[in-house]
Amino acid sequence: MIKNKKILLGLIALSLIMFMVTLDTTITNIALPDITNSFNSNLTDTNWISTIYVLIMSITIIPASKFGDQFGRKKLMCIGLIIFGIGSALCGLSNTLPTLIFTRFIQGIGGAIVTPIMIPLSVNLFGRKDANQAVGIIGAVTAVAAAAGPSIGGIILKFLNWKWIFFVNVPIVIITFILILFCFEESFDPTISKKIDLGGLIFLTLCLSQLTFLLVKGYDIGWNSITSFSLMLGTLITFLIFLWIELKVKQPLVELNLFKEMTFSASTIIYFMCGFAIVCSSLIFNFFS
């Protein structure tokens with residue numbers, strides 16, 4: 001009975017985490033026009049609120065997953081929740097646009113940590129046989145959060161103000177933190193080394209940061225500008241160095257052999273395309289609706 005209760009509460013905790021992280025993206029996007037007016041700013045500057053979040057997520061999510069396997073998934077999930085909760089509270093307390101952008105950076109680190117650890121925690125709690133069903137339920141909750149974000153954000157903006165789109169995360173973080181502590185045992189991947197692939201980490205960070213910055217700011221700086229071409233070249237060079245390192249080291253940051261599996265590669269491409277389409281459209285439509 002106690003075990004079944006823990007499993008149910010664990011599923012609720014993981015669902016709440018993904019609901020919160022997904023909801024935060026859509027709610028923030030719909031609040032950007034209000035934030036722009038609040039700080040008497042412009043779209044170019046305010047857009048950094050979303051840009052910095054996407055940038056740090058893209059850089060941190062892969063190392064976070066690896067560190068969870070190496071040093072403990074439950075431990076890292078709790079750390080990620082604390083960072084996300086503190087970042088959310090500081091976002092709501094921000095009184096200047098630069099401060100808000102910086103606190104969004106902090107919040108993005110937390111979001112990047114908790115997102116990839118959800119699946120291995122599901123496997124640990126439910127077992128490999130039932131984990132697919134649990135991940136499916138969590139995925140459905142995530143889809144609901146993505147769809148409901150604009151509506152929830154609209155209600156908050158109507159009756160409160162934009163600060164509450166960040167404050168709303170704090171009680172969810174507290175609840176999920178307690179549930180994670182109560183429902184989950186610590187888990188590791190015993191097949192991998194505790195050694196950190198520092199070279200891979202550095203060049204992956206350089207590659208993704210340049211690529212992400214180019215994608216979100218290419219229009220502003222000009223696609224034909226020297227800066228854009230420099231970012232393209234830098235992305236290509238650092239990517240090739242990253243691949244070379246990963247092929248040489250014994251414990252790579254990314255297992256490149258996974259991409260030989262057609263299902264994995266196809267899923268990665270489809271996930272990228274869907275995420276790209278959803279994030280881009282949700283950001284733009286909020287300013288022209």
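**Exercise 1.** In which crossing, left-handed or right-handed, does H3 pass H8?

*Solution.* The model is predicted: local features need pLDDT of at least 70, side-chain atom pairs count only at pLDDT 80 or more, and totals for chains, interfaces and linings use all residues. Residues are numbered from 1 along each chain as its sequence is written, and side-chain values use heavy atoms, with hydrogens and water left out.

Step 1. Locate the helices, which are DSSP runs of H or I with at least four residues, numbered from the N terminus. H3 covers residues 48-71 and H8 covers residues 198-221.

Step 2. Take the axes, lines fitted to C-alpha atoms over the stretch in contact, with angles from 0 to 180 degrees between N-to-C directions. Those of H3 and H8 come within 10 Å and cross at roughly 155°. H3 and H8 are therefore roughly antiparallel (an angle over 145 degrees).

Step 3. Assign the hand. H3 passes H8 in a right-handed crossing, where the near helix is turned clockwise from the far one by less than a right angle.

Step 4. Inspect the contact (heavy atoms within 4.5 Å). Trp48, Ile59 and Phe67 are among the H3 residues involved, and Leu201, Phe213 and Lys217 are among those of H8. The contact divides into 12 nonpolar, five polar and one charged. Here Ala, Val, Leu, Ile, Met, Phe, Trp, Tyr, Cys and Pro count as nonpolar, Asp, Glu, Lys and Arg as charged, and the others, Gly among them, as polar.

**Exercise 2.** Describe H3 along its length and at its end.

*Solution.* Step 1. The 24 residues of H3 reach 32 Å from first C-alpha to last, close to the expected 34 Å (1.5 Å times one less than the number of residues).

Step 1. H3 has a kink of about 40° at Thr60, shortly before the proline Pro63; the bend is the angle between axes fitted to the seven residues ending there and the seven starting there.

Step 2. Gly72 follows H3 and has a positive phi, near 120°.

Definitions and conventions: Helix = DSSP H or I, 4+ residues; strand = E, 2+ residues; numbered from the N terminus. Parallel < 35°, antiparallel > 145°, perpendicular 65-115°, else oblique.
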